[in-house]
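Please look over the sequence and the structure shown here before reading on.

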Amino acid sequence: MKCYVLDYINENEFKKLERALKKYNMLAFKKLNFDYYPAIRNGEFVGELVSTNKKENTAKYELKLPSDKMFAAVHGEVKLYYTVYLNEGTVMLDTITPTEILLEGHMSELATYKGIMISKANASKDKFKIDLLNMLQDK
């Protein structure tokens with residue numbers, strides 16, 4: 001079994017996303033650090049294979065992290081994107097989405113509405129989505 005080294009395309013940006021994920025979605029953060037990173041280091045590439053490049057011998061993966069259904073409906077699924085360089089034995093961690101809300105949460109404290117964090121820039125839009133989803137669930 002080959003061991004892979006985790007590296008970053010942009011370490012500062014990725015660490016900001018990880019810290020915001022830890023603050024606002026602890027379940028996804030714990031699964032990422034205690035289940036998925038060790039599996040990836042051991043060569044078990046979890047997630048969905050998005051594309052491969054035969055010339056450079058790389059594979060791009062998209063891993064859906066556990067998240068609240070309401071959060072996913074309002075802001076989008078929490079996903080990790082990474083690229084595996086098979087020749088070098090390196091895994092490049094690209095980004096965690098939804099990037100906008102996580103970076104905004106890293107910069108300043110986010111407010112919540114009915115238990116879901118909302119963006120300061122799009123507060124009315126997020127509140128509308130939450131209210132609409134709640135109304136649909138009630139029926």
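This is a predicted model: local features need pLDDT of at least 70, side-chain atom pairs count only at pLDDT 80 or more; totals for chains, interfaces and linings use all residues.

The side chain of Lys31 meets that of Asp35 in a salt bridge, with 3.0 Å from N to O. Asp35 is partly exposed as well, at a relative accessible area of 35%.

Both residues belong to helix H2, which covers residues 26–41. Because Lys31 and Asp35 are 4 residues apart in this helix, about one helical turn separates them. Side chains of opposite charge can pair when their charged atoms come close.

## Other salt bridges

The whole structure contains 4 salt bridges according to the search. One of them joins Lys15 to Glu18, where the closest N and O atoms are 3.4 Å apart. These two residues are 3 residues apart in helix H1 (residues 11–24), so about one helical turn lies between them. Lys15 counts as partly exposed because its relative accessibility is 28%. Glu18, by contrast, has a relative accessibility of 8%; this is under the 20% limit, so Glu18 counts as buried.

Another salt bridge links Lys64 with Glu77, and here the closest N and O atoms are 3.7 Å apart. Lys64 lies in strand S3, whereas Glu77 lies in the loop between helix H3 (69–75) and S4, so the pair ties together parts that are 13 residues apart in sequence. Glu77 counts as partly exposed, at 33% relative accessibility.

Strand S3 spans residues 58–64 and pairs with strand S2, residues 48–53. The pairing is antiparallel and runs over 5 bridges. Within it, Leu49 has Tyr61 of S3 as its bridge partner.

Between the two strands of this hairpin there are 4 residues. Asn57 takes a positive phi there, near 55 degrees.

How many of the residues of strand S5 are buried? In this strand, residues 90–97, the count is 7 of the 8, so S5 is largely enclosed by the rest of the structure.

## The turn between S4 and S5

The hairpin of S4 and S5 has 4 residues between its strands. Gly89 takes a positive phi in this hairpin, near 70 degrees. Glu88 is also found in the loop between S4 and S5. Is Glu88 buried or exposed? Its relative accessibility is 53%, which is over the 50% limit, so Glu88 counts as exposed.

From C-alpha to C-alpha, Glu88 and Asn57 are 9.4 Å apart, although 31 residues separate them in sequence. Asn57 belongs to the hairpin of S2 and S3, while Glu88 belongs to the loop between S4 and S5.

Methods: Residues are numbered from 1 along each chain as its sequence is written. Side-chain values use heavy atoms; hydrogens and water are left out. Two strands pair if DSSP finds at least two bridges between them. Buried means under 20% relative accessible area, exposed over 50%, partly exposed in between (1.4 Å probe, protein chains only).
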